[in-house]
Structures are given as structure tokens and as C-alpha cells.
Amino acid sequence: MTRQEPWTIRTAAAALRSGETTSVALVRSAHAAADLLDPQMGTWLDRYTEQSLSSAEQADAELAEGRDLGPLHGIPLGIKDILSTDEGPTTAQSLTMDPTWGDQGDGPVVARLRAAGAVIMGKTTTMEYAIGRPDFSKPFPVPRNPWNLDRWTGGSSSGTGNGVASGQILGGLGTDTGGSVRLPAAYNGVSGHKPTFGLVPKSGCVPLGMSYDHIGPLARSAWDCAALLSVMAGADPSDRTTVERPGIDYVAQLEQSFERGLDGLTVGVIVNDAITEGSDEATIAVFDDAVAALTAAGATAKRIEVPLYDELAAGAFLGLQAEAFAWHRDRLAARWEDYGRPTRLTIVQGALISAADIVQIERVRQVARRQVAAMVEAEGLDALLSPTTGHGATPFTGGGTEALSIRSLHTPAWNSTGWPALSVPMGFDPDGLPLGLQIIGRPFADDQVLAIGHAYQHLTDWHLRRPPHHA
Amino acid sequence: MDDVNGGAIGEEKMVRALLGAAGLDVPDDEIDRLTKLYPSVRRSVDRYYRVPVGDEVTAAVYRAVDSTPGDER
């Protein structure tokens, strides 16, 4: 998909309607890019070549007949391989996954994308069960970063992240339990949104931490994420954690907000030690520039400390380990050696936590959520800002990645609260690796978070930068 | 660390006991790894007991009537 500027969903949708391109051309180009790049990049676990071309032909015919299903119509997307689809089984990138699990076909979110005319290109790589680490000992691709192949993509929505960044797809689905949409968004230099918990149904997704899991979109821009979320959002009876709310056209909301500008917007810049001490100097400098760009455009910034931030962040890991262990216990007992070592040693830590511990973590989680909401209300904040991670993409060393410092992940606290959080590219570190700006909103203020990201992407062009390994 | 009878119980024994109770047979080298991790897991968890939490706060919110999806959150 070669152009001067990389395709976005927005530009491709316009080109499909102006006759500049066709869905078949986009999908053929996407497969050609995958043929070229995938052997190095490790983006795909399975590609649905025939089915995707057939869907693209159908999209072109429908658009030619004037049957327009919206901005995703004819757009090639990738689906993280812990989400079930009609075309084939879900592996969760594990030898231990039950091959019949995917027999249920499309989960609600994939079905909604398909009904909106999106073209499902295939299944993208993840970390094993969305929690492992790059594992060279198992018969699965190891995803690599298109900005530097010796660096990790971040995880666990790795293939969707590097697929978007390298121009193999225009967008796709990831899941986020402690940062697994936002981390690969930041490391690969693309945009990724973790919606409010309960906005998007999780059925059809292999669970990790059931009360921390979110399905979210990755794409080049906030606008593109808004187009995806507009289709993905909405309650479904198959997931009783979803919340009945009026449907929202997030693209329309974002464009209306853009016309109003940033005047009157107040953002809280998080200055907890966990952020400032968990980020390198280059990241803090780039983050300060991003905040300055927003304030120069009319926003007001306040430095704030998030109450019980450390408890929210650590609690996401402890809680997800316990929840993951509940799901994996019997399979771990039967097939310990078939799990990747990093995966089993992470999940099994859930066995070291007692029932009383989980009760107390959950009680603190509730109190913390209320305290954060009260702080945001008292300070009159429309959103919170932090770097997404404390540094650029981690190098591969030995059999995996250099120890990933949990302290450098500024994402998991928002899995504990369930609040929406978007990562957009905000610049580069001295090694030329992308860095992410995290924009956090109040519950169900996904529209506002995306609007701020969209406004920022009108002030900067970081999201349109092409990595060295690009179609 | 004391066991229920007041005797000292080592971290490795504790890890083996917890994994054994879950029906897991874990190789020795990975028991060693988990034994090294165990004190930091405990420290992480113990901090939650130091946060003031009202006596009425429960771990999960239950309602007698389940109406619309999402009410349980």
C-alpha cells in the first residue's frame, strides 16, 4: 500500500468513494505487503486470502451500487488471534489452546465489523494467551518492530500493531488487559484505544483477566480508531458486563469537538512518582512537548497526582494473574510443558495469591476508583495525560526481551478503573523509536479522549511517519 | 513465616504447598524461580491491607435484581 503518505482508514475510505482505488486493490496490495514483510515482521498467524478478496469484491460491488455501509466498507483489517472469527480456529498463539474453541465463529465485535463492510485479512500475532513474552522456543512467529527489527513490538496485540505501522493493514483489533493495545500502539508509532470497560462486548475473546480485559482498535489515527469504535461499541446479551447506552457516532463527535477547538479544555498532567521516575529523560522531554502543543492550542494543563495510583497499577497485574489462573488452572496442570515458560511462570503466580488477598485488592480497587473520580471532578478535569510507556521499544536479548520493567508501563492503572485510554504517537526517542502519549478520560467519555487525540494529530504528524520497514 | 502450628515454614515449602494444592507438578528449576519471586508477590499484596477501606466496602457489588447488562459493575 505505497503512497507518499501512508493510507489511513479515513483517506482510503475517501479514495474508495472518489474512484481513486478499490477495495480489491487495497486488499491485493495488503497481501503483497504481507508477502514481502511478514517473514521478517511476524505479523500473521493466518491469512484468509481468498475470503478477503471475495469480501473486497463484494464491497466494491456494493459501493458501485450506492450501498454505502460507512467508512469501514472495503477496508482491510487484522484480528488478534485471541478473537474468534468465522474463517478459522483461534490459537491464542499457544500449543495448549483447544482447537474447537473457535467453532463459535465471529464474536460480536468481529461480526459488527464484518456487517459494516470491513474486510477481514486474517489473524495477527499475539503473545501466548496475551500474556507471554516473545518466545523463540515455540513454533509461532516472533513479532518484530518495523522501526528496528531488533526491537520488540510490544504486546500483546503485537501483529495488529506492527501490521498497521508497516502498512500491511489499515487497522484492526487488539485486546488490552494491562496495556496490550496501548503498548504496541506506542512502540510501533500508531494509535490504539482501550475503550471504557463495558462499552465493547468481550464475548468471542479468549479471556485473560475477565474484569480487566478490553477489546480495542488500533489504527494510524484517532479518527480511524473512532470509526472502528463506532461499529464495535454497544451492549450485547452475550457479555453481561456490557452497558446499555445510546449508540454514538464517534467520528461525528470527534469532528464536532474539533470545530469547537481546545479552548476551555482542562487536562491533568499526571506527576505521580511512578510516571516521572518510571520514564527516561527523553520520554519526559517529548511528553512535555506534547502537553505544550495542546496548551498552545488552547487547553489548560494542571499538574495532578492520581490517588492510589500505585495500588491501581499493581492491582491490575495481581488481579489479572489471579483471574488468568482461574481460567488456566486445569490446563496448566495437564499441559505445563506445552505452555511457554514465560507464560506459565506469569499465570501461575495467581496460585500464590490467597482468596482474602483478592478480596482486599478488589476492595481497594473500588475505593481507588471512587477517589480518582472525585479528584477529577474536584479539579474540573476533562482528561488526564501521561506518557504511555517510560521508554521506546525494548530490545531482544537472548531468548526473549530485555526485562520489561513493569514500572515503565503507565497503562495498567486504567484497566483497574475501566476508564477509556488512547495512545497516540508523540515523537521519537534518541534511537529513533516511537513514543506514545496516553490520553485518559472519564468513564464512557471515549468520544472526548478520541477528540483530544484527533486535535493533537492536527497539530502534529507523528502518526503519519513511516518506519524503515514499510510497504 | 509461621505455619498453623507456629513453626517456621520456608518460602520454598510454601510455594510447593500452594502449587500442590492447585494440582500443579512444577519442575524444580521453576519452583526455584517462583520461590525467588514469592517475597515480592507478598510485598505487593500486603500493601493492600494498609489502605484505609470502609467496613461496608465489598469485593464485588451484588444486587438482588439483575436488570440491564452491566448493572453488576
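**Exercise 1. Identify which residues of the largest nonpolar core touch the most other members.**

Solution. The largest nonpolar core has 141 residues, and those touching the most other members are A:Ile75, A:Leu77, A:Val119, A:Ala226, A:Ala383, A:Ile439 and A:Leu450. Helix α11 of chain A (residues 309-335) supplies the largest share of this core, twelve residues. Such a core is a set of buried Ala, Val, Leu, Ile, Met, Phe, Trp, Tyr and Cys residues joined through C-beta atoms within 7 Å; buried means that 20 or more other C-beta atoms, placed from the backbone, lie within 10 Å of the residue's own. Helices are DSSP runs (H or I, at least four residues), numbered from the N terminus.

This is a predicted model, in which local features need pLDDT of at least 70, side-chain atom pairs count only at pLDDT 80 or more, and totals for chains, interfaces and linings use all residues. Residues are numbered from 1 along each chain as its sequence is written, and chains are lettered from A and ligands numbered from 1 in the order in which they are written.

**Exercise 2. Describe the side of chain A that touches chain B.**

Solution. First, 31 residues of chain A are in contact (C-beta atoms, placed from the backbone, within 7 Å) with 28 residues of chain B. Next, α13(A) gives the most to this side of chain A, with nine residues. Finally, the residues of this side divide into 18 nonpolar, six polar and seven charged.

**Exercise 3. State the predictor's confidence in the complex and in chain B.**

Solution. The complex receives an ipTM of 0.91 and a pTM of 0.96.

Methods. Buried ≥ 20, exposed ≤ 12 C-beta atoms within 10 Å, placed from the backbone. Helix = DSSP H or I, 4+ residues; strand = E, 2+ residues; numbered from the N terminus. Contact = placed C-beta atoms within 7 Å. Nonpolar A, V, L, I, M, F, W, Y, C, P; charged D, E, K, R; others polar. pLDDT = per-residue confidence, 0-100.
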